[in-house]
Amino acid sequence: MLEVKGLTFRYPETETIWRFTFGVDHGECIAINGPSGSGKSTLLNLLAGFLTPESGTIRWENRLLNELPPWERPVTSLFQEHNLFEHLDVQTNIGLGIHPGLKLTRTQKEAISHGLVSVGMTGFERRMPGDLSGGQRQRVALLRALLRDQPILLLDEPLTGLDAEARTQLRALLLRHKAAGKVLVLASHDQEDRKILADKLLNL
Amino acid sequence: MRHSPFGYTQAPFSHPAWQIGPGLTIACGLIALTVTGVAALLWQAHLPEVSELWRNRYLNNVIRFTVWQATVSTALSLLLGLFIALALVRQPRFPGRRLLLRVMELSLVLPTIVAVSGLVAVYGRHGWLTAIVEQWTTVRWNLYGLNGIVLAHVFFNAPLAGRILLQALESVPAPRRRIASQLGLKGRWLWRTLDWPAVRRVLPGVAALVFTLCFTSFAIVMTLGGGPASTTLEVAIYQSLRFEFDFGRAALLAVVQLLICGALWFLMVRRSLSANLSPAREFPESIPRPDSQGVRRLQDVALLLCFSLFLLLPLAAVLFRGLPGLATVAINGGQPLNEMTEATLRSFAIALPAGAFSVFSGLLVLSMSSRGGGHLSRLSSVATAVPLMVPPIVLGTALFLLLRPSLGNSYDGLALVALINGVMALPFVTQLMRGPLNNLDKSTVRQADQLGLRGWYRWRWLHWPRLKRPLALAMAYGTGLSLGDFGVIALFGTPGQPTIPVLLYQQLGSYRMDLAAGTALWLVCLLLLVFAAFSLPGYRRNHRNLAGNVFKALAEGRHA
């Protein structure tokens with residue numbers, strides 16, 4: 001279970017203090033609801049370890065995550081954009097999610113190829129991110145997140161700006177991910193995303 | 001390899017000590033080398049009374065002349081550079097624009113002694129232009145002294161200033177330029193709204209850079225100074241060490257130079273004002289300016305043509321005068337060919353290690369700067385700027401004095417030259433790598449952090465693809481700078497074992513002008529060869545035009 005208790009954060013030279021407390025179980029999705037500037041992205045950055053909280057705790061399966069750097073936390077983030085390394089091809093981008101030195105076994109390489117087939121991107125291994133559409137880029141990023149196999153997925157407006165078809169495909173992938181027992185933390189302005197994906201709502 | 005409870009794989013060399021330690025060692029080493037350099041001179045000789053600086057007429061004159069020539073050269077270089085940059089911005093379709101930009105880049109990497117021979121061929125007593133002017137007018141012109149020094153400094157630095165200012169002017173956002181165009185802003189208002197805000201950001205950095213280059217100029221003053229009245233600090237230090245063996249005076253003058261240049265760079269580092277020397281120039285959307293038509297267009301074209309001639313004539317002189325000499329050496333062979341071959345090999349034996357040293361140490365110092373906080377960043381800025389302020393001769397002499405017991409033969413002296421040349425190239429080499437190394441955006445860094453791309457993995461997957469070309473260019477630059485060096489080698493070289501620039505100087509000194517012209521051209525050819533060789537990987541990958549690449553590679557240059 002992901003447990004956030006009394007987590008507070010304040011940006012330097014500002015008065016506003018954000019406080020967060022919630023819990024999410026395996027196979028659940030919590031949607032964070034609030035207007036722009038209410039702290040949705042801040043919360044995701046705190047969970048990912050990109051920001052350091054003033055106080056409070058983040059626990060996963062009773063292990064304290066606060067002191068862990070981003071690379072040691074059991075999380076994967078998916079942002080609205082800039083999820084891929086622009087100078088590396090699709091296969092390398094995905095492979096780096098599995099092993100940061102790209103030391104992949106044959107099984108892992110096959111998993112990438114099968115994964116690309118499953119997201120409708122057969123033969124895209126050597127394509128560069130710049131050659132892909134917004135939806136295709138998000139599918140690659142999501143595939144990397146799935147293959148990375150971390151238990152918590154942080155989603156910051158992941159479907160914003162995509163066409164209807166791409167949104168449907170990605171929602172289906174996320175639901176599969178959730179059904180596999182992963183925890184989803186979703187920040188989205190879109191009511192339909194929240195309705196389809198979320199089991200809980202956190203109002204900020 | 002350690003695995004975390006959540007399956008994280010630790011990357012090799014990801015411990016903070018690996019990311020900061022080597023760079024910190026090099027940065028401290030560079031600063032220690034500088035301090036030790038001056039201290040070694042003081043240790044070997046008693047420092048004269050400081051009051052000698054204003055009591056001794058010669059020293060007084062040297063300091064005043066150094067400051068004066070650097071100020072005049074900087075002012076003229078910036079003024080001309082600004083006019084050229086503005087003309088190029090106003091006339092994006094000037095027919096010779098690309099050629100002029102290439103020549104501006106080429107003139108910057110020319111070894112000083114080669115460029116000086118070109119300038120003498122055009123503006124000297126029997127020069128092309130002097131002959132024409134004297135035939136048609138009563139104007140008489142002497143290249144030697146302040147005139148020649150300033151002319152040569154402007155020849156080298158106006159293109160440098162012009163290029164950086166042009167880059168700044170072209171970086172004005174397109175929407176702002178469109179609005180200015182729609183409103184029909186001209187003259188003072190166009191300058192105030194569009195040009196001045198862009199120029200103002202880089203002007204202090206360019207001014208400091210050009211002033212430092214002119215202030216510490218050595219070969220130009222040595223060759224065009226013309227006598228004691230036109231001596232600069234750097235040359236006076238050289239004379240004190242080489243001819244008068246007065247280490248105390250050399251140390252005093254080195255301290256004065258260090259104080260003046262150091263104060264300037266301290267201000268620059270403190271206010272984060274630095275000129276961007278990156279060769280990557282983006283060609284912006286061409287938006288017509290209201291002030292680019294009519295008489296102004298004619299004025300701009302005339303200015304650009306004159307400036308092109310100013311740069312091209314000395315280069316043409318090097319080519320035309322050098323071809324017969326080079327052909328004679330190649331056809332007749334014998335002693336001159338042997339001399340040239342040996343000098344070429346010796347030059348490369350010094351230049352390649354010097355280039356490798358400067359690139360390697362620059363990379364480590366910059367890596368430290370990008371990983372560490374503000375203090376480490378400032379330390380890195382100071383360490384890489386120090387070689388600009390300290391005369392290489394002082395560093396060389398100090399090392400020579402310190403290592404004298406263990407320096408056995410001439411090869412040790414050449415190794416010392418390679419080391420000092422590598423250090424001297426650092427400020428320019430690091431400028432080439434700084435941008436690509438530090439421009440990882442926030443989202444990329446966060447993504448990399450989350451995926452565990454740290455240490456060696458971050459270098460392999462994020463930095464190396466971006467740094468390949470700048471590294472090759474930096475290596476070409478470090479090598480080229482050392483190849484054209486006539487400062488350190490003048491002190492440590494032995495006449496019997498010359499490098500190419502020393503051979504050229506010897507030939508000029510013995511009035512073997514044809515041979516000297518051939519050697520000058522040969523040096524330019526070697527320089528082009530170095531830049532072409534280090535551009536080849538980029539050529540193969542990108543299938544770009546080789547010549548274009550070579551000249552693009554030359555974009556980041558400084559006269560040796």
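This is a predicted model: local features need pLDDT of at least 70, side-chain atom pairs count only at pLDDT 80 or more; totals for chains, interfaces and linings use all residues.
Close-up 1. Thr384(B) belongs to helix α15 of chain B, which covers residues 374–389. A polar atom of the Thr384(B) side chain sits 2.9 Å from the backbone oxygen of Ser380(B). Leave out residues up to four places away in sequence, and Thr384(B) still touches Val365(B), Leu426(B), Pro427(B), Thr430(B) and Arg434(B).

**Close-up 2. Asp300(B), a buried aspartate in helix α13 of chain B**. Helix α13 takes in residues 294–332, and Asp300(B) lies within that helix. The relative accessible area of Asp300(B) is 3%, so this residue is classed as buried. Who are its contacts once neighbours within four places in sequence are set aside? For Asp300(B), they are Ala87(B), Arg90(B) and Gln91(B).

**Close-up 3. Where chain B meets chain A.** On the chain B side, 23 residues take part in the contact, and chain A brings 33 residues. Together the two chains bury about 2,400 Å², with carbon and sulfur atoms giving 62% of that area. As for polar links, there are 9 residue pairs in polar contact between chain B and chain A, counting pairs with both residues at pLDDT 80 or more. Salt bridges between chain B and chain A come to 0. On the side of chain B that touches chain A, the elements giving two or more residues are α18 (442–451) and α19 (455–483) of chain B. Of these, α18(B) supplies the largest share, 8 residues. Sorted by type, the chain B side has 11 nonpolar, 7 polar and 5 charged residues.

**Close-up 4. An open sheet in chain A**. Four strands make up this one, in the order β2-β1-β4-β5, and their pairing is antiparallel. Why do β2 (18–24) and β5 (63–64) of chain A have a side without a neighbour in the sheet? Both stand at the edges with a single partner strand each, so one side of each is left open in that sense. Strand β1 (residues 2–9) of chain A runs antiparallel to β2(A), and 6 bridges join the two. Look for Phe9(A) here, too: the residue opposite Phe9(A) is Trp18(A), in β2(A).

Note on methods. Residues are numbered from 1 along each chain as its sequence is written. Chains are lettered from A and ligands numbered from 1 in the order in which they are written. Side-chain values use heavy atoms; hydrogens and water are left out. Contact means heavy atoms within 4.5 Å. Buried area is the accessible area (1.4 Å probe) that two parts lose on being put together, summed over both. A salt bridge is a side-chain nitrogen of Lys or Arg within 4 Å of a carboxyl oxygen of Asp or Glu. A polar contact is a pair of N or O atoms within 3.5 Å; within protein, one must be able to donate a hydrogen and the other to accept it, and residues adjacent in sequence count only if both atoms are side-chain atoms. Ala, Val, Leu, Ile, Met, Phe, Trp, Tyr, Cys and Pro count as nonpolar, Asp, Glu, Lys and Arg as charged, and the others, Gly among them, as polar. Buried means under 20% relative accessible area, exposed over 50%, partly exposed in between (1.4 Å probe, protein chains only). Two strands pair if DSSP finds at least two bridges between them.
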